[in-house]
Each structure stands twice: as structure tokens, then as C-alpha cells.
Amino acid sequence: MALTTIQHLRTHLQWAIQVELTTIPTYLYAMYSIENQASESASVFRSIVVQEMLHVALASNLLVAVGGQPKFYHEDIVPKFPGPIPHHREGFIVNLERASVEFVRDTCMAIEYPESAGAIPEDDNFDTIGQFYLALENCFRTLCGQPDHQVFAENDTRKQLTEGYFPEISDTGDLSLITDLDSAMSAMQTIVEQGEGIQESHYDDPSKKELAHYYKFERIVEGDAPLGDVWPVVKSPKTADYTGSLRDLSNLFNGCYCYMLLALEDIFILTDAAAKHQMVFRGLYSVMASILPPLARMM
């Protein structure tokens, strides 16, 4: 459908957050199935996941900038596996799976496919992430081109995350404050180019410092970053399928993951700088860096 209102922007930017919330576990599950976490293939997954986390924050900043409130913890938002990539092309279903050449080729590369945007569909089932963001860019330009536009009238920049809250993760894109059309377009450009690459290039920036996600995954498929030994993990597991201590570990992991999602919601509500700083570094980062990774490896 054509996006013509600020409410359309808010709805689609929430969808953008949900796309990232689906792809991140998909990639992480495959990454943790690789036995050698110091391998080049594990590093490929890890570098992509960290940039996807940046995309979550950028999409959230964009939503705050147009007067919306990012949501992370709700039964209609938290992804279920197997399940679709939200508002991606119909019939494309992803699972949590062990890493394999087939999985990287058919799932990971399909998510990041650098297809030209083409015509924007009318049913909100987009063929590519680039096409999805093209619809958003067109809407931003149209609304901002109107006399006395109010696109950013409800923007409380205190709710956004900026460089001081996010570690430097890439030479090709930063966490930026969204205040106007130019900063909004720059943020969306970062998301698309890190995933699909700049037009007619395998890289996500003109200086060719870093491959786009699609071409990073291609290195695994072509054997340039071999997977090595992979743990025989269960496909799209459910806690109810486990027994004994493994079920306890799964429940603990799920609880910590839910806390992380709730912390994310709070971060984009808080306006007090000191409270936001504490929630980011003592809440979010501690769970993401110190608790979830060892639990995932143990499981």
C-alpha cells in the first residue's frame, strides 16, 4: 500500500523493529551451533548480528522521531519459530537451525538479498528489505515536502539513543540522532547498505571498508569462511521438548531474554540521561554480554 500518513510511518517503523527481532535470533542460533566460536565463520555471523542490533536502535530512533513508541515485548511482536519474516514476501518461513551451507544460502542470504527495489507492493508483503525501506523513504520525502509539515513535531530526542550509549561497531555507520529528513534518510541508508550493499557493489560503503551482509554470508557458502564442526542442535526447539536441567537452562535463558526486551522498551521511554545510562549499561549490556552468551553455549 502507498504510505501517506505519519501513522503509516509509525506502523511500518515498528515492523522494521520486528524484522530485526526475527533475524537476530535466526543468525545467533546458527552462530552458537558452530563449535569453534573463534572461527572466521562464527565471526561472520557475529559481525552481522552486531550491525543488526544497530539497525534495531536506528529504527527505534526513527520511530521516536515521528512520535511513536517502540515496542519489543508483546505476544504479537516477539518472534515465533518457525515463522515468517514480518511483512516479507509471503511464504518465506525461517527456523532456528544449526549452521550449514544450505541454511546460510537459502535463509540468511535470502533475507539479505540485494534485489533492486522495483515496484512497491500494495499488500505490505515486501520482496526485499531494500524495497521495504524505499517505501519508508518515499513517505518521509512526501510528508516532509508538504507545507508546514509536522513529521517531527512530537520528536522527544531525549528518548533516542546516540553514540554515547552504543559501542563503535563499524566504520560504515553509526547510531545517530534523528531530527530531520536528512538524518532520517541517512539512518535508513545505513540499514539498507549494511545489509544489501551500495548499488552495484559488494560493500556497504564507497571506501570498501566492509562487505555487506549478503556478501559476508556468501563467503561461508563459497567456502572462504568454512563452518567447520557444528553442534547437532535441535531445529526450532521448544522449552517443553527439553527435560531435567536442560529445561531449567531453557527457562532461565527465556527469562533473561524477556528481561532484555523489557529493558529495550524502557530505554526508549526514559528521558532522564542518568536513568537511561544505567538501564543501558547495567541492564541491557550486562544481560546481552555476560548472561545470555554463556547460557546459549551451555545449551
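This is a predicted model: local features need pLDDT of at least 70, side-chain atom pairs count only at pLDDT 80 or more; totals for chains, interfaces and linings use all residues.
1. Helix α7 (residues 244-267) packs with helix α8 (residues 273-298) at an angle of about 155 degrees, and their axes lie 10 Å apart. That makes α7 roughly antiparallel to α8, since angles over 145 degrees count as such. The crossing of α7 past α8 is left-handed.

2. Which residues build the contact of α7 with α8? From α7 come Leu249, Leu252, Phe253, Cys256, Tyr257, Tyr259, Met260, Ala263, Leu264, Asp266 and Ile267. From α8 come Lys276, Met279, Val280, Gly283, Leu284, Val287, Met288, Ile291, Leu292, Leu295, Ala296 and Met298. By class, this contact has 20 nonpolar, one polar and two charged residues.

3. α1 (residues 6-33) packs with helix α4 (residues 129-144) at an angle of about 155 degrees, with axes 10 Å apart. The two are therefore roughly antiparallel to each other. The crossing of α1 and α4 is left-handed.

4. On the α1 side, the contact with α4 is made by Ile6, Leu9, His12, Leu13, Trp15, Ala16 and Val19. On the α4 side, Ile129, Phe132, Tyr133, Leu136, Cys139, Phe140 and Leu143 take part. By class, the contact of α1 with α4 has 13 nonpolar residues, one polar and no charged. His12 counts as polar.

5. Ala30 deserves a look of its own. This residue is found in α1. Is Ala30 buried or exposed? Ala30 is buried, with a relative accessible area of 0%. Not counting residues up to four places away in sequence, Ala30 touches Phe45, Glu97, Ala99 and Phe103. The C-alpha atoms of Ala30 and Cys108 are separated by 9.9 Å, although the two residues are 78 apart along the chain.

6. Next, the overall layout. The chain has eight helices and two strands. From the N terminus on, the order is α-α-β-β-α-α-α-α-α-α.

7. Last, the totals for the chain. Of its 299 residues, 50% count as buried. Among contacts between residues at least 6 apart in sequence, 71% join residues at least 24 apart. The chain exposes about 13900 Å². Carbon and sulfur atoms supply 52% of that area.

Key: Residues are numbered from 1 along each chain as its sequence is written. Side-chain values use heavy atoms; hydrogens and water are left out. Helices (H or I, at least four residues) and strands (E, at least two) are DSSP runs, numbered from the N terminus. Buried means under 20% relative accessible area, exposed over 50%, partly exposed in between (1.4 Å probe, protein chains only). Contact means heavy atoms within 4.5 Å. Accessible areas come from the Shrake-Rupley method with a 1.4 Å probe; for residues, only the protein chains shown count as cover. Axes are lines fitted to C-alpha atoms, for helices over the stretch in contact, and angles run from 0 to 180 degrees between N-to-C directions. Angles under 35 degrees count as roughly parallel, over 145 as roughly antiparallel, 65 to 115 as roughly perpendicular and the rest as oblique. A crossing is left-handed if the near helix is turned anticlockwise from the far one by less than a right angle, and right-handed if clockwise.
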